[in-house]
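Have the sequence and the 3D view open as you read.

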Amino acid sequence: MDEQALAGYLRRIGVTRPPAADEAALRELHQAHLLAVPFENLSIHLAEPISLAPADLLDKIVVRGRGGFCYELNGAFALLLEALGAQVRRVAARVHSQDGLGPPFDHLALVVGLPDGSG
């Protein structure tokens, strides 16, 4: 992600660039992202093509101001964190409900490591 895209992403979620990629910054970015970028699955219902390519994620979420489903939201958030110096591992997850676990690979989760060893 280049500096222009990074600045646009931070504007989209309403925060300034943190001085360091630390636990406090991760907490602030995560909360801001949750509040500013909605979960939405309109593309699925409208039969729009869905791409997880980094440029397409940033276009949809940052440039066009849309939301997305977990693979899009967490994929874009991972790009933001990586641009700020975090190590991000994308892992398959399953959603738990009263009926038990959902299907494998039903969700994308992020494991984040920060330069100071926290995360």
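## The largest pocket

Three elements each put at least two residues into the lining of the largest pocket: helix 2 (23-36), helix 5 (70-83) and strand 4 (107-113). Helices here are DSSP runs of H or I with at least four residues, strands are E runs of at least two, and both are numbered from the N terminus. Helix 2 gives the most, with four residues.

This is a predicted model, where local features need pLDDT of at least 70, side-chain atom pairs need 80 or more, and totals for chains, interfaces and linings use all residues. Residues count from 1 along each chain as its sequence is written, and side-chain values use heavy atoms, leaving out hydrogens and water.

The lining includes H30, H33, F39 and N74. By class, it has nine nonpolar, three polar and no charged residues.

## E40, in the loop

E40 sits in the loop between helix 2 and helix 3 (42-45). Is E40 buried or exposed? E40 counts as buried because its relative accessibility is 12%, and buried means under 20% relative accessible area with a 1.4 Å probe, protein chains only.

The E40 side chain reaches the backbone nitrogen of L42 at 3.2 Å. Beyond its neighbours within four places in sequence, E40 is in contact (heavy atoms within 4.5 Å) with K60, R66, G67, G68 and F69.

Key
1 Å grid on protein atoms, 1.4 Å probe; cavity = no way out; pocket = protein on both sides within 12 Å on 5 of 7 lines; lining within 4 Å. Nonpolar A, V, L, I, M, F, W, Y, C, P; charged D, E, K, R; others polar. Buried < 20%, exposed > 50% of the residue type's maximum accessible area, 1.4 Å probe, protein only. Polar contact = N/O pair within 3.5 Å; in protein donor to acceptor, adjacent residues only side chain to side chain.
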